[in-house]
Amino acid sequence: MTNPRFGLRAERAPTPAAAGGTRSDQCGLRVGRRLAAWLLATCLVLAGAITAQARPQTFGSSRGVLPDSAGAIAEVIIQYDPDLYTESLPLFTDLLNALSPRTHVTVLVPSNEGITDVMSAWGPDLTANGRSATIINVGLHLSIWARDRYIPRQPFSLVGSAAGFLSAPYPELEQAKINELLAYQTLGAFGVIAEPSDLGLRLEGGNVVANRRHVFVGANVFAENDVPASSAPLRQSLREVFGREYVVVRDRNDLVPWVHVDMYLTPIDDTTVLVGSVTAAADILRESGEGYLIGAAEDAEECGPLGSIGDACLSDIVETSLDDVAEQVRGLGYRVIRSPVVPDVPDDWMLTYNNVVLERRNGRRYAIVPVYNVPSLDNAAVDLYRSLGFDVHAVDVSGIYRLGGALRCVTNVARRTRVGTTRSAAAVTEENKPGYLMVLDLTSNDETIQPDHPCLPEPESEFAPLEAGPPPFRYEQSVR
């Protein structure tokens, strides 16, 4: 089956209608006989809402991508990949313990087995100290890179919601990432997230970072959309998505140091930006003698003038590009501080401390920082963020960074609240206070989303969100 919007093949099960199923079967979203009537009614109401309330979705000038450094985090979305259970276990354990109990956590899983895995591994952490959480079975295999396919947006006041943005697919996109596009489209259709819009723009969330002054996007966005840097239509699309002034990050050759800007550039507030430095990391590792922790060098003689650390070639090309980016950001009036990074170009991974999650709440600044079990680098990064006024929580990403990403890549901040609007955590959270966990199932009996089913709009349709109310497909809720 080819999705008419994406022009790509989606995983799906045969529709029950082909075998003469009833209308309730055709909805393909069943969670047990006891809820069949409710689901059918919800499906019909949803279809009516789509038809009667359809209106264009617009990106208003007062709305834009969320700043990475302002506001308290109200909700995060993470994606569970059972193939990486062992590698992601310490990562998500640390992340859940680092997040405020006031942060709602939404976990997308591929199956009912995924629900069991998540509740078994992280159930107590999901609902610790009064936190609310939602586990959603989307019936499709997803990668762990929750940041890239869906870019949330909010009004600049950080009050209310705005249309999120879905990156357009491209022919070489692997199946798990196509599934992510379908999953977020479906979540928006049923009001689980702010309804995403699509400008036909290839733009991944990892290639966008922001503060309240600027949005920073890598210059490779032009090549990824097969247009020149002078393309007026693409620049207009970027303005519509970002909602405010943006900076195209590039070096002197109009190239970028790495494929995603969040791997090497971090605006920690409206005046200061951290930019990665290979030399800074090399100096730390050579002094500590801990390069062996990254691996054994096999081809150091081929690594260029900076040599290697462990099995990572310290690319002088990447370092020169990072230096250029640092100068570009300084030219915008920012204070630039260099942070250690170890890029391995041949194997396409980077050990980086720029890929962080930041928030400001109750008058304090918090940094959730990736660590790699390389003590000298980890300690230097933690000390750097502390020196800049952050309370620091470390998250172990040693199991996944060689796959090409780190902490921010797996943590999609879906909503923020204004600075100063949250009460003290101590005032609203008590030790061991029970939390609330809801489980939603958006699948058929074959646990597969039906993206073109009668209960869903045509993929190219745009429509108003449902009226506020309980989520439509609640099959289990529990207080832990």
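How many bridges join strand β4 to β22, and in which sense do the two strands run? Let's start there, hello everyone. There are 6 bridges between β4, residues 132–137, and β22, and the two strands run parallel.

A word on what we are looking at. This is a predicted model, so to speak of local features I need pLDDT of at least 70, side-chain atom pairs count only at pLDDT 80 or more, and totals for chains, interfaces and linings use all residues. Residues are numbered from 1 along each chain as its sequence is written, and side-chain values use heavy atoms, with hydrogens and water left out.

Now the overview. The protein chain has 12 helices and 23 strands; helices (H or I, at least four residues) and strands (E, at least two) are DSSP runs, numbered from the N terminus. Of its 480 residues, 57% count as buried. Buried means under 20% relative accessible area, exposed means over 50%, and partly exposed is in between, with a 1.4 Å probe and protein chains only. Among contacts between residues at least 6 apart in sequence, 80% join residues at least 24 apart, where contact means heavy atoms within 4.5 Å.

Back to β22 for a moment. This strand is mostly covered, with 5 of its 6 residues buried. Ser-132 stands opposite Tyr-436 in β22. Leu-437 also sits in β22, residues 436–441, and it counts as buried because its relative accessibility is 1%. Leu-437 and Ile-135 are 302 residues apart in sequence, yet 7.7 Å apart in space, C-alpha to C-alpha.

Next, a sheet with helices on it. Four strands form an open sheet in the order β12-β13-β16-β17, with mixed pairing. Strands β12 (265–267) and β17 stand at the edges with a single partner strand each, so one side of each is left without a neighbour in the sheet. On average, neighbouring strands here are turned by 30 degrees against each other, direction ignored. Strand β16, residues 335–344, runs antiparallel to β17, and 4 bridges join them. Within that pair, Val-342 stands opposite Leu-351 in β17.

Helix α9, residues 316–330, packs on this sheet, touching β12, β13 (272–277) and β16, and its direction makes about 160 degrees with that of β16. Helix α10 lies across β12, β13, β16 and β17, running at about 160 degrees to β16. For these angles, axes are lines fitted to C-alpha atoms, for helices over the stretch in contact, and angles run from 0 to 180 degrees between N-to-C directions.

Which helix axis comes within 9 Å of that of α10? It is the axis of α8 (residues 278–288), crossing that of α10 (residues 375–387) at roughly 130 degrees. That makes α8 oblique to α10, since angles under 35 degrees count as roughly parallel, over 145 as roughly antiparallel, 65 to 115 as roughly perpendicular and the rest as oblique. At the contact, Ala-281, Ile-284, Leu-285 and Ser-288 in α8 meet Ser-376, Leu-377 and Ala-380 in α10. By class, this contact has 5 nonpolar, 2 polar and no charged residues. In that scheme Ala, Val, Leu, Ile, Met, Phe, Trp, Tyr, Cys and Pro are nonpolar, Asp, Glu, Lys and Arg are charged, and the others, Gly among them, are polar.

Is Asn-354 buried or exposed? With 1% relative accessibility, Asn-354 counts as buried, although it lies in the loop between β17 (349–352) and β18 (357–361). Leaving aside residues up to four places away in sequence, its contacts include Asp-262, Tyr-264, Leu-274, Val-341 and Tyr-385.

Most residues other than glycine have a negative phi. Asp-348, in the loop between β16 and β17, has a positive phi of about 60 degrees although it is not a glycine. Asn-362, in the loop between β18 and β19 (364–371), has a positive phi of about 55 degrees and is not a glycine either. Asp-348 counts as partly exposed at 48% relative accessibility, and Asn-362 is partly exposed with a relative accessible area of 30%.

One last stop: an open sheet of 3 strands in the order β9-β10-β11, with mixed pairing. Helix α7 (residues 232–242) lies across β9, β10 and β11, running at about 125 degrees to β11.

Definitions and conventions. Pairing = 2+ DSSP bridges.
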